[in-house]
Amino acid sequence: MAAAKRSFIMEHLRKSHMIELLAKGSRLDGRSLLDYRPIDIKCNIIQKANGSAQVSLGNTQVIAGVKIEVGAPFPDTPDKGLLVVNAEILPLASPYAEPGPPDEDAIELSRVVDRGVRESGMVDLSKLVLIPGQKVRAIFVDVSVLNVDGNLIDATSYAVVSALLTTKMPELEVTENGEIKEKSNLIPLPVSSIPVSVTFARIGEAMVVDPDSEEEAVMDARITLTTVGEGHLCAGQKGLAGGLTYEQIMFAAETAKIKGQEIREIIKKAISGVG
Amino acid sequence: MSKLINDGIRVDGRRADELRPYRLEVGVLKNADGSAYIELGKNKIIVAVYGPKEVHPKHLSLPDRCVLRCRYHMSPFSTDVRKTPAPSRREIEISKVIREALEPAILVGEYPRTAIDIFLEVLQSDGGSRCAGITAASLALADAGISMYDLVVACAAGKVDGTMVLDLSDIEDKEGEADMPVAVMPNLNVITLLQLDGILTHEEFKQGLDLALAGCMKLYEAQRKALMERYFKTALNQQQEVE
Amino acid sequence: MPEVKRKYVIPGELITEGNYRLLANVLKRENKFYATRVGLAEYGQEGVRVIPLTGPYIPRVDDLVIGKIVDYSAFVWEVDINSCFLAYLSAKSVYGKNFTPGQESLVKKFDIGDLIAAVVTAFDRTRDPILSVSGPGLGKITKGEVIKISPTKVPRLIGKKGSMIRTIESGTGCKLTIGQNGVIVVVGRPEGIIRAVRAIRLVEEEAHLADLTQKVQSMLGINQSE
């Protein structure tokens, strides 16, 4: 037998209790189907980073840090800066997390969050060019997951977005002989719009938002939809082996817009406290 | 004229024998069996302990004691210049050194055929992170209820512009002449970590050791307070005499 | 009346000095006694010991435990008993000595995710814990709410001769099955279960404090007896 990844096994008793409650529109922790757990966002906690944010979504806890460097652009996009999002599920975070290179879950997490940020156009990469074709700003957003209790995608996404929105970098100028000089003042990233991801779990026929660990252990399918301010969708990812009906997807799209707006207000509040 | 010390005052305003500001907290992660968090200067380090637990594959376990595994890792955003996520040779050496600093304190014979995992993550680094990590790791082990002979507490001394000082900051670490991390089991007075990087006379070495051990005793008081706060707070609040 | 002295201790701390018997979680060096755990140290006529306030569940023979089936093979179930080792329940112990692998599919009796009340029949430093479900009240748990507490708090939850568990049961109308491994099953009506869970959490939080029985009684609205 191939060594399967160890994972959390839900007790049948608890699972039947959960299914019973879902039929009545509520969940094991008392939430209704469309309630998020308490979201707490603290920005600027890592002073050495250009930007940072710590996010708790219930007991799920992540920290994102932004580091900005100067480097060469990708050959096929000489007129754009670089943006790289990388998440690591630390062995600290769960008894089922192993130290080592990122596995498929961690890689999917990084790439889904990356797409949500990139496709929204939240950071105008064309404004990060210093010398076209030669020198651009490279933005690295690294996320360390500290405690896993479900819905890493949303927690990671809110941390990355909050960190980027509060990032400060030294202003750079290009001298006549092509040198890059650092000036003394700090400027923000060229950011507009706040993409917000909303993740759903399908458990039987019920669609719930913000699944915790126990709900993830029994869910049949998962879908994440990211919206930007005007309600347009800019990224999506369906996960797990189960399927979703057309109605369920349209319901998710509608709900993602509404919940997205609620959470956007939470993010706005969190970043407004920062200088 | 010295750059790092002027009239006995260091770059950050401290005297030679002063620790940077610090803060310790126990029980900060929900999933871990034990956890702790430390800030020392700009260092921010979080530690999780998982264990005792089964070893996979089984042939790696020991019949009469636990296997201790330790991973010291720096988050990419923790340093001035971004660090790639993959473990560096430095992190691997520090992981070993931390494990060997903590192992003497653990009653390993009480947990045969198991493993105890210690994970340290540096969220922000500011010189002396291995010492701060050891100090927090020892709290995380106590939080997990692992039997120990004593706590372990660590602190670094060093030489800066010819003067022996306590608790090197990042810039003192980079530009000073010597760096000496020390870890000790405070009640037993047994040293479990000693490293030296730089040249010291015999006299300077003794001075450094004395400084480091004094710093350790101050941090030990903070460790004790943090455990009391986490476990006995309700009693202390009610100011009760235990029946 | 023999006096028992108490103090809060952390690992490595000196508890007392003198001619005492050495009990749990204490080390003796010369004539001095030191704690090896975070907890409440007690010393007196009986000896010196530390009651830990945190720590793993280490199985003991005859312990009642509540475990979760996590895997099975042709002849044994693997059971998670919230300890550092997986425990094993043999098909032979359930179906009888004449059981042969392949005769019955184990999943029909206990499936992955099922909870069982079992007794530890063997455990020592050289092998994994062995369980048995032969006995009254043992076997698959079919109803109730499951709650987990630190195994170090179980003695306090049971109380002297079961006094605390009886207080909670009579005050809530629920039945509690308490595993030594910190897993508890509460059976009763929904309102009773909510109150029982609150009482259990109170005991877990304040296990080391005095007057706990009175606090639980007043939380449950029971008249306190003299």
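Two strands pair if DSSP finds at least two bridges between them. Strands (E, at least two residues) and helices (H or I, at least four) are DSSP runs, numbered from the N terminus.

The model shown is predicted: local features need pLDDT of at least 70, side-chain atom pairs count only at pLDDT 80 or more, and totals for chains, interfaces and linings use all residues. Residues are numbered from 1 along each chain as its sequence is written, while chains are lettered from A and ligands numbered from 1 in the order in which they are written.

View 1. β13(C) is joined by 4 bridges to the antiparallel strand β15 (residues 183-187) of chain C. C:Lys148 has C:Val183 of β15(C) opposite.

**View 2. The open sheet β1-β5-β6 of chain C.** The pairing in this sheet of 3 strands is antiparallel. β1 (5-9) and β6 (47-52) of chain C are at the edges with a single partner strand each, so one side of each has no neighbour in the sheet. Neighbouring strands are turned by 20° against each other on average, direction ignored. Between β1(C) and strand β5 (residues 39-44) of chain C there are 5 bridges, and the two run antiparallel. C:Val9 has C:Gly39 in β5(C) as its bridge partner.

**View 3. Domain 2 of chain C against domain 3 of chain C.** An automatic or database domain assignment is the origin of the domain bounds; for chain C the assignment gives domain 1 (5-52), domain 2 (64-140) and domain 3 (145-220). The C-alpha centres of domain 2 and domain 3 of chain C are 26 Å apart. Their contact (C-beta atoms, placed from the backbone, within 7 Å) takes 8 residues from domain 2 of chain C and 9 residues from domain 3 of chain C. On the domain 2 side, β7 (64-72) and β10 (115-124) of chain C each supply at least two residues. The largest share of that side, 3 residues, belongs to β7(C). By class, the domain 2 side has 6 nonpolar, 2 polar and no charged residues. Ala, Val, Leu, Ile, Met, Phe, Trp, Tyr, Cys and Pro count as nonpolar, Asp, Glu, Lys and Arg as charged, and the others, Gly among them, as polar.

**View 4. Helices α2 and α3 of chain A.** Helix α2 (residues 104-119) and helix α3 (residues 152-165) of chain A pack at an angle of about 45°, with 10 Å between their axes. α2(A) is therefore oblique to α3(A); angles under 35 degrees count as roughly parallel, over 145 as roughly antiparallel, 65 to 115 as roughly perpendicular and the rest as oblique. Residues in the contact include A:Val113 and A:Gly116 of α2(A) and A:Thr156 and A:Val160 of α3(A). The contact has 8 nonpolar, 3 polar and no charged residues.

**View 5. The hairpin of β7 and β8 in chain A.** Strand β7 (residues 168-174) and strand β8 (residues 180-188) of chain A run antiparallel and are joined by 6 bridges. A:Pro170 is opposite A:Leu186 in β8(A). The hairpin has 5 residues between its strands, and A:Gly178 in the turn has a positive phi of about 75°.

Definitions and conventions
Two residues are in contact if their C-beta atoms, placed from the backbone, lie within 7 Å. Axes are lines fitted to C-alpha atoms, for helices over the stretch in contact, and angles run from 0 to 180 degrees between N-to-C directions.
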